[in-house]
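Biologist: I have a model open and would like to go through it. Can you take me around?

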Amino acid sequence: MLRFFTAGESHGEALIAFISGLPAGLAVDQSFVDRELWRRQQGFGRGGRMKIERDTAHILSGVRHGLTIGSPVSIQLENRDWKNWRESLPVAAGDATLHKVVASPRPGHADLAGALKYNFPEARYVLERASARESAARVAIGALAKLFLRELGIEVLSHVVAVGPATLPQEISWEAIQNLYNQEEILLNCADPETEQRMKNEVDKVLRTGDSVGGVFEVVAHNVPPGLGTYAQWDERLDALLAAAVMSLQAVKAVEIGAGISAAAQSGSTVHDEIGYGAPDSFTGFTRTRNNAGGIEGGVSNGQEIRVRGYLKPISTLRRPLKSVDFATRQPVSAAYERSDVCVVPAAGVAAEAMVALTLARCALDKFGGDSMGETLRNFQGYCVQLKNY
Ligand SMILES: Cc1cc2nc3c(=O)[nH]c(=O)nc-3n(C[C@H](O)[C@H](O)[C@H](O)COP(=O)(O)O)c2cc1C
């Protein structure tokens, strides 16, 4: 069973990610993992931290001579900013007068709910873990899930559909998303240059006004075989698993599969994807005229591209802060401000790719099993033959 979790705080010494259950014999390309980490740090509208960080994955266990060995993989990502926080956030008791208090909870953050829950007098420890710095750890192990999926021919990428009101007018092909991935500079990761310019204008606007902006990304999983996930139990449905995985990312407030949101306002005849039979594709001879289902029907992948969209609220930290209350005095104040991004839609898309890849890898391993890549691939190929002969 593929399991993973993360540890680490925003200004602690390091982030740690664990993944257990990858078959032995998977080739681990360190430069690929690091490029994924770099992609998460890009995009117009990021704050100062991205200039400090430049993440690299330090693999501590589970990989030897470039291959997984079946034991849990743990990865450390150094927090380069740690040196500036050593004395104010030490592991030992340290000097309490050096502590950097978050004196007033920031609306839209976990600050108030977390302080109440854990009975903290202020929000420093809440912010440290609730921050999206944590998503870097997910991207590191998500990269391993992507390398595993590649062995099965499955690729997972994302692109940006909207920043604030600036929205892509058309659906984007897999090839266009691949072209975006190959670029060495990332502005807003939008496949249409004219829309990307409008998106940039939205970010410029909030940079000028001390505000922030949200948006929509789309993750596309290409060449996914039919049969991942199942309708047999509610918590094994692929759509439910993907929705939870993407929703778990910081600032994602809605998840859409295929045309889910607009479909609610349409009639069945304009939504459902008619079935034909003809030119064999990579898995079967069944064809579809369109893909409004986003590649999943009844909680099972149907052989079409999986398309999952994440809707991000605007960033919560504002240079022109909203009203809040001082934790100690209960008097009205402006919410605390810490260095912040104003737009993170491309980066959130990269983190969501990781979550989608981890979810698909888990479902693929549930279906095909295998303790070594040879065994997994043999099982997978046997299933592909079954599909071809169907
Ligand atoms: C990649 C990424 C980077 C983020 N950077 C910031 C940031 O710099 N400042 C900020 O206020 N929120 C940022 N967020 C969003 C917050 O982490 C998030 O809104 C907050 O933790 C509250 O959690 P919730 O929105 O899931 O309720 C970021 C989110 C992502 C996905």
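Modeller: We will look at the ligand and then at the strands. This is a predicted model, where local features need pLDDT of at least 70 and side-chain atom pairs count only at pLDDT 80 or more, while totals for chains, interfaces and linings use all residues. Residues are numbered from 1 along each chain as its sequence is written, and side-chain values use heavy atoms, with hydrogens and water left out.

Biologist: Which residues come nearest to the ligand?

Modeller: His109, Lys313, Thr317, Ser340 and Asp341 come nearest, out of 16 residues around the ligand. A residue counts as near if one of its heavy atoms lies within 4 Å.

Biologist: How does that shell divide into nonpolar, polar and charged?

Modeller: Seven are nonpolar, six polar and three charged. Here Ala, Val, Leu, Ile, Met, Phe, Trp, Tyr, Cys and Pro count as nonpolar, Asp, Glu, Lys and Arg as charged, and the others, Gly among them, as polar.

Biologist: What lies 2.9 Å from an oxygen atom of the ligand?

Modeller: An N or O atom in the side chain of Lys313 does. A polar side-chain atom of Lys253 lies 3.2 Å from a ligand oxygen atom, and a backbone N or O atom of Ala130 is 3.2 Å from a ligand oxygen atom.

Biologist: How much of the ligand's accessible area does the protein cover?

Modeller: The protein covers 86% of the 630 Å² that the ligand has on its own, using the Shrake-Rupley method with a 1.4 Å probe.

Biologist: Now the strands. What order does the open sheet of five strands have?

Modeller: The order is S8-S7-S9-S15-S10, with antiparallel pairing. Strands are DSSP runs (E, at least two residues), numbered from the N terminus, and two of them pair if DSSP finds at least two bridges between them.

Biologist: Which strands are at the edges?

Modeller: Strand S8 (166-167) and strand S10 (252-257), each of which pairs on one side only. S10 is joined by five bridges to strand S15 (residues 306-312), and the two run antiparallel. Val252 stands opposite Leu312 in S15.

Biologist: What do S1 and S2 form?

Modeller: They form a hairpin with six residues between them, and Gly8 in the turn has a positive phi of about 120 degrees. Strand S1 (residues 3-7) and strand S2 (residues 14-20) run antiparallel, joined by five bridges. Arg3 stands opposite Ser20 in S2, and Ala7 faces Ile16 there.

Biologist: How many bridges join S2 to S6?

Modeller: Six, with S2 and strand S6 (residues 73-78) running antiparallel. Ala17 stands opposite Ile75 in S6. Strand S3 (residues 58-61) is also antiparallel to S6, through three bridges, with His58 opposite Gln76.

How values were computed: Polar contact = N/O pair within 3.5 Å; in protein donor to acceptor, adjacent residues only side chain to side chain. Helix = DSSP H or I, 4+ residues; strand = E, 2+ residues; numbered from the N terminus.
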